[in-house]
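This report covers the contacts between the chains and strands shown below. Where do the protein chains meet the DNA, and how do they meet each other?

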There are 2 protein chains.
Amino acid sequence: MTKPRGFVRKTKQRGAILRVLRNTDTHPTADWIYQEVRKEMPNVSLGTIYRNLKTLVEMGEVQELSYGSGHTRYDAKSHTHYHFVCDECGRIEDLDIPCMQDLNREVGKEVQGHVREHRLEFYGVCGECIAEQNRKTGSVS
Amino acid sequence: MTKPRGFVRKTKQRGAILRVLRNTDTHPTADWIYQEVRKEMPNVSLGTIYRNLKTLVEMGEVQELSYGSGHTRYDAKSHTHYHFVCDECGRIEDLDIPCMQDLNREVGKEVQGHVREHRLEFYGVCGECIAEQNRKTGSVS
DNA sequence: GTAAATGCAAAGAATTTGCTAGCCC
DNA sequence: GGGCTAGCAAATTCTTTGCATTTAC
């Protein structure tokens, strides 16, 4: 269900926002994040915070928690789930396959360290793009 | 489909780029490749990286992946295996757990598309860094 | 030798940012 | 009012290009 996005560039601001979000246990409001990011980047604007939070939510990096009215809150600990990435159109789909948490333990043992999380991504061509390709192959290559 | 290309000479730069690409399982960005190649060839330029990547794609040696978020990524079609990434020291370890090829089919069904490959990465803290941390906590105030 | 490839730097294309003013619940 | 969004010029990010110089064949 993730929206296909033309291009998402990497920026310092977005990086800082993610870092702040990942380094807190609270579920901060946009304004709190704003104050934090301002400490290391005094010129950042509130609009940027909002826009990036929106982007990060669309990218699946961050979860939006609306506690009724008032401030929306944000959370970087998006529960583990898997993605399918279309090489053609860049679309990213969330997958339904169950999360294999036990792998973390297994890998933890193998590397003799602590495993916090894992990411699993599938790459290929989505149904729509395959249809598109077939349509084209009908005419010219 | 291959564009008419007068002649393609073999160069150290292109060799280095291919080697870097073949020695990683990630799908690196042009810039990441640049940093790697620079380690053994400090004068290489970003333009050269881009030009060669383009050439290699045309030659069919390398695949270009427009991963929805971020820069274009490149892939030298290596066999699948999994990685553990230490958040502390950045070390990347290859893992021994068996490759779950059947997942590709399963996901292909779910998204009604074609799955070419998948990538699985574990994140956490490696044994050495944990030891390091314990050492610090034990001694320093 | 000579065409292809490189390094450097500067231009391009496209997204993001910082403001500020305005929106809506 | 307080949280949030819109509009736009300027700034950034990533990629490509022009050109003098090297390099591979």
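## DNA strand C

A polar backbone atom of B:S45 sits 3.2 Å from a phosphate oxygen of DNA strand C. That is a polar contact, a pair of N or O atoms within 3.5 Å; within protein, one must be able to donate a hydrogen and the other to accept it, and residues adjacent in sequence count only if both atoms are side-chain atoms. On chain A, a polar backbone atom of A:N43 is 3.3 Å from a phosphate oxygen of DNA strand C. The backbone of B:F7 reaches a sugar or linking oxygen of DNA strand C instead, with an N or O atom at 3.4 Å. Elements giving two or more residues to the surface near DNA strand C are α1 (12-22) and α3 of chain A, plus α1 (12-22) and α3 of chain B. Helices (H or I, at least four residues) and strands (E, at least two) are DSSP runs, numbered from the N terminus.

There are 26 residues around DNA strand C; A:R9, A:T48, A:R51, A:N52 and B:R9 come nearest. Near means that a heavy atom of the residue lies within 4 Å of the molecule or strand. Sugar or phosphate accounts for 70% of the atoms of DNA strand C within 4 Å of the protein, and bases for the rest. By class, this surface has six nonpolar, 13 polar and seven charged residues. Ala, Val, Leu, Ile, Met, Phe, Trp, Tyr, Cys and Pro count as nonpolar, Asp, Glu, Lys and Arg as charged, and the others, Gly among them, as polar.

## Basis of the model

The model is predicted: local features need pLDDT of at least 70, side-chain atom pairs count only at pLDDT 80 or more, and totals for chains, interfaces and linings use all residues. Residues are numbered from 1 along each chain as its sequence is written, chains are lettered from A and ligands numbered from 1 in the order in which they are written, and side-chain values use heavy atoms, with hydrogens and water left out.

## DNA strand D

DNA strand D is surrounded by 17 residues, the closest being A:Y50, A:H71, A:T72, B:Y50 and B:H71. Of its atoms within 4 Å of the protein, 76% belong to sugar or phosphate; the rest belong to bases. The surface near DNA strand D has three nonpolar, six polar and eight charged residues.

Side chains reach the phosphates here. An N or O atom in the side chain of A:T72 is 3.0 Å from a phosphate oxygen of DNA strand D. For B:T72, a polar side-chain atom lies 3.1 Å from a phosphate oxygen. The side chain of B:K54 also places an N or O atom 3.1 Å from a phosphate oxygen. α3 (46-59) of chain A and α3 (46-59) of chain B are the elements giving two or more residues to this surface. α3(B) gives the most, with five residues.

## Chain A against chain B

Contact here means heavy atoms within 4.5 Å. 43 residues of chain A are in contact with 40 residues of chain B. What joins β5(A) to strand β5 (residues 114-125) of chain B? Eleven bridges do, and the two strands run antiparallel. A:R119 stands opposite B:E121 in β5(B).

The rule finds twelve residue pairs in polar contact across the interface of chain A and chain B (both at pLDDT 80 or more). β5(A) gives the most to the side of chain A that touches chain B, with twelve residues.

Conventions
Pairing = 2+ DSSP bridges.
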